[in-house]
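This briefing goes through a single chain by topic, from its sheet to its helices and then to a few individual residues. Please keep the sequence and the model at hand while reading.

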Amino acid sequence: MHTEKHHHAFEPKIVAFVCTWCTYAGADLAGTSRMQYPPNVRVVKFPCTGRIDPVFILRAFQKGADGVLVSGCHPGDCHYMAGNFHARRRFTAFRALLDFVGVDLNRIQFSWVSAAEGGKWVEVVTELTERVRAMGPMREFRELDMEEHWSAHVNTPELQAVYNAIP
Ligand code: FES
């Protein structure tokens, strides 16, 4: 099929917001164990997925991401106790919101990857990259001009650092 051929020329940019405590260490383990995974993923460390806000996802799309991954500790393992249960509830609300503003939800993945799960990290990023590659580029949010509004949500130095690190 030539649509497939056409999409194969396109390499998606994937931004991964990962919890410092678990998924970041899992990704690091995959790297040090020399597991192969797509180089499309740009990792941004997040203090806890409980702190994630749709602003970060929209900002990533505005800056040219074609897909976004949010990944943290397994429910129950969060260093801030209920942080990721809280995140899980929020993800449901985010999905509805992102769907409403026109983001194709196939471009977003939420997952749990522990520090010991280098293999799972590889699986998650490979699947998302392949899916987004087949979907083609995401251009809809590149022109968004919302920074003034967004900055109200980025209200701690920690979150500001994450916001500034979005590639
Ligand atoms: Fe990892 Fe909360 S500390 S998700």
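In this predicted model, four strands make up an open sheet whose order is β2-β1-β3-β4, with parallel pairing. The edge positions are taken by β2 (41-46) and β4 (108-112), each of which has a single partner strand, so one side of each is left without a neighbour in the sheet. On average, and with direction ignored, neighbouring strands of this sheet are turned by 20° against each other. Helix α5 (residues 118-135) lies across β1, β2, β3 (67-72) and β4.

**Strand pairing**

- Strand β1, which covers residues 14-19, pairs with β2 in the parallel sense over six bridges, and within this part of the sheet Ala 16 stands opposite Val 43 in β2.
- The pairing of β1 with β3 is likewise in the parallel sense and runs over five bridges, with Val 15 finding its bridge partner in Val 68 of β3.
- Between β3 and β4 there are five bridges, again in the parallel sense; here Val 70 has Phe 110 in β4 as its bridge partner, and Ser 71 has Ser 111 in β4.

**Burial in the strands**

- Strand β3 is mostly covered, with six of its six residues buried, and the residues can be sorted by direction: Gly 67, Leu 69 and Ser 71 point one way from the strand, whereas Val 68, Val 70 and Gly 72 point the other way, and all are buried.
- Gly 72, which lies in strand β3, has 32 C-beta neighbours inside 10 Å and therefore counts as buried, given that the cut-off for a buried residue is 20 or more.
- The C-alpha atom of Gly 72 is separated by 18 Å from that of Arg 107, a residue 35 positions apart from Gly 72 along the chain.
- The edge strand β4 is mostly covered as well, since four of its five residues are buried.

- The 18 residues of α5 reach 26 Å from the first C-alpha to the last, which is close to the 26 Å expected at 1.5 Å a residue.
- The buried residues in α5 are Gly 118, Trp 121, Val 122, Val 124, Val 125, Leu 128, Thr 129, Val 132 and Arg 133; seen down the axis of the helix, these buried residues fall within an arc of 170°, so they line one face of α5.

**Helix α2 against helix α5**

- A pair of packed helices is described by the angle between the two axes together with the distance between those axes.
- For helix α2 (residues 23-32) and α5, the packing angle is about 95° and the axes are 7 Å apart, which makes α2 roughly perpendicular to α5, a term used for angles of 65 to 115 degrees.
- The residues that meet in this packing are Thr 23, Gly 26, Ala 27, Leu 29 and Ala 30 from α2, and Gly 118, Lys 120, Trp 121 and Val 122 from α5; among these α5 residues, Gly 118, Trp 121 and Val 122 are also buried.

**Helix α3**

- In helix α3, which spans residues 54-62, the buried residues are Phe 56, Ile 57, Leu 58, Arg 59, Ala 60 and Phe 61.
- Gly 64 follows α3 and has a positive phi, near 105°.

**Exposed loop residues**

- Arg 34 lies in the loop between α2 and β2 and has a positive phi of about 60°, although it is not a glycine.
- With 7 C-beta neighbours inside 10 Å, Arg 34 counts as exposed, because the cut-off for that class is 12 or fewer.
- Met 146 is found in the loop between α5 and α6 (147-151), and its 12 C-beta neighbours inside 10 Å mean that Met 146 counts as exposed.
- The C-alpha atoms of Met 146 and Phe 100 are separated by 17 Å, while along the chain the two residues are 46 residues apart.

How values were computed: Residues are numbered from 1 along each chain as its sequence is written. This is a predicted model: local features need pLDDT of at least 70, side-chain atom pairs count only at pLDDT 80 or more; totals for chains, interfaces and linings use all residues. Two strands pair if DSSP finds at least two bridges between them. Helices (H or I, at least four residues) and strands (E, at least two) are DSSP runs, numbered from the N terminus. Axes are lines fitted to C-alpha atoms, for helices over the stretch in contact, and angles run from 0 to 180 degrees between N-to-C directions. Two residues are in contact if their C-beta atoms, placed from the backbone, lie within 7 Å. The expected span of a helix is 1.5 Å times one less than its number of residues. The arc is that of the directions from the helix axis to the C-beta atoms. Angles under 35 degrees count as roughly parallel, over 145 as roughly antiparallel, 65 to 115 as roughly perpendicular and the rest as oblique.
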